[in-house]
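Please walk me through this structure.

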Amino acid sequence: MKKGKITIKDVAEYASVSPATVSRVLNDYKWINSEVKERVQKAIDELHYVPDFTAKAMVRGRSQVVVVIVPIIDNHFFTQLINTVIQEMKKYGYYVVVYTTESADEECSFLGSSICQMADGILDATSLKELSPLQNVKKPMVLIDRYFEGNTTIDCVMNRNYEALYQGTEYLIRHGHNKIAFLVGAEGHGIAEERIRGFRDGLQAHGLPWREEYFIQDCWKTEAGIRYASRLLELPDPPTAIIAGNNTLTTGVLEAVRNHGMTPGGDISMIGFEECDEDVQAFARHGITSFRLDTSAIASCAVKLLLNRMEQSGKRAGARVEALELNFIERTSVCAPSL
């Protein structure tokens, strides 16, 4: 047995064929003689040959790898999103590499890495606030739950965030509330802005002022929901209703409300956002009125857009934007404000 790495030439010599024939077998060319194919496969098995993935990708012109970039994975939305993407991509013979980024700088570095350069396409719930680094990647790409004003080159799939926040704000106002607080994260370009705009326009349409003390923008984490909801509830003139900007903030707001001995829909009103499949049981148990998103539909739509882009790689086309509806789930957490 040869010492060191077995090469394609070693397999060819062992099977008494040319290296080109071994390459054709590895790439599953249909016109290879069955007897030759068996001989090459036997040589591969007996020599324990492991094909060079990079070289194989170069021959095929594609790696069958798709990269998914998310800011975090300990969130029901991203967990379900990743699982759906993996299952959908498997149907088309693609492997999925998942990468979490702690910062915009880290994401820029990763986008220039050999992994992204090798990948056939990228699905990105980007942390970046500028579009140009994404446009410089020169790979088929789809943005997930992100939106850039003026983007004409990169497809994206998102929720109708503006419409949902406007609807939620109006819903509370119709129940008699005029002191409404809103907690929202800062990450996720375009998404937070659309939600803020929907909230602001909802207030304005009903002649209600924007009150800075009722608006808090920080991060999307549960801890932030607890901290800032507690601060709101302890104001001299506290809000009578709170809108939480996503599912983890909703969980935090709920905990703060309960820690203060209050009941949603009794002592205070609240509306949640981005309810995922994993949130349904908890939200329903506490009667949280919320906007539910279809994570599987978002993932499937993103996969469809990316596959289409990869098939048309090299062709110029304008950006497609797919905006999905959020389903308003009316439960018991909204009531008229107490006098």
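Q: In what order do the six strands of the open sheet lie?
A: Strands here are DSSP runs (E, at least two residues; helices are H or I, at least four), numbered from the N terminus. Two strands pair if DSSP finds at least two bridges between them. The pairing is parallel, and the order is S2-S1-S3-S4-S5-S11.

Q: Which are the edge strands?
A: This is a predicted model, where local features need pLDDT of at least 70, side-chain atom pairs count only at pLDDT 80 or more, and totals for chains, interfaces and linings use all residues. Residues are numbered from 1 along each chain as its sequence is written, and side-chain values use heavy atoms, without hydrogens and water. An edge strand pairs on one side only, and these are S2 (95-100) and S11 (321-324).

Q: Which residue in S11 stands opposite Cys156?
A: Strand S5 covers residues 155-159 and runs parallel to S11. Four bridges join S5 and S11. Opposite Cys156 stands Val321.

Q: What angle does the direction of helix H6 make with that of S1?
A: H6 (residues 104-111) packs on the sheet, touching S1 (65-70), S2, S3 (121-124) and S4 (141-144). Contact means heavy atoms within 4.5 Å. Angles run from 0 to 180 degrees between N-to-C directions, with axes fitted to C-alpha atoms, for helices over the stretch in contact. For H6 and S1 the angle is about 170°.

Q: Why are H5 and H14 described as oblique to each other?
A: Angles under 35 degrees count as roughly parallel, over 145 as roughly antiparallel, and 65 to 115 as roughly perpendicular; the rest are oblique. The axes of H5 (residues 76-90) and H14 (residues 295-311) come within 8 Å and cross at roughly 45°. H5 and H14 are therefore oblique.

Q: Which residues of H14 make the contact with H5?
A: From H5 come Phe77, Gln80, Leu81, Thr84, Val85, Glu88 and Met89. From H14 come Thr295, Ser296, Ile298, Ala299, Ser300, Val303, Leu306 and Leu307.

Q: How many Å separate the centres of domain 2 and domain 3?
A: An automatic or database assignment sets the domain bounds. It gives domain 1 (6-58), domain 2 (63-157 + 293-322) and domain 3 (159-292). 15 residues of domain 2 are in contact with 19 residues of domain 3. Taken over C-alpha atoms, the separation of the centres is 29 Å.

Q: At what angle do the axes of H11 and H12 cross?
A: H11 spans residues 222-233 and H12 spans residues 247-259. Their axes come within 7 Å, and the crossing is at roughly 45°.
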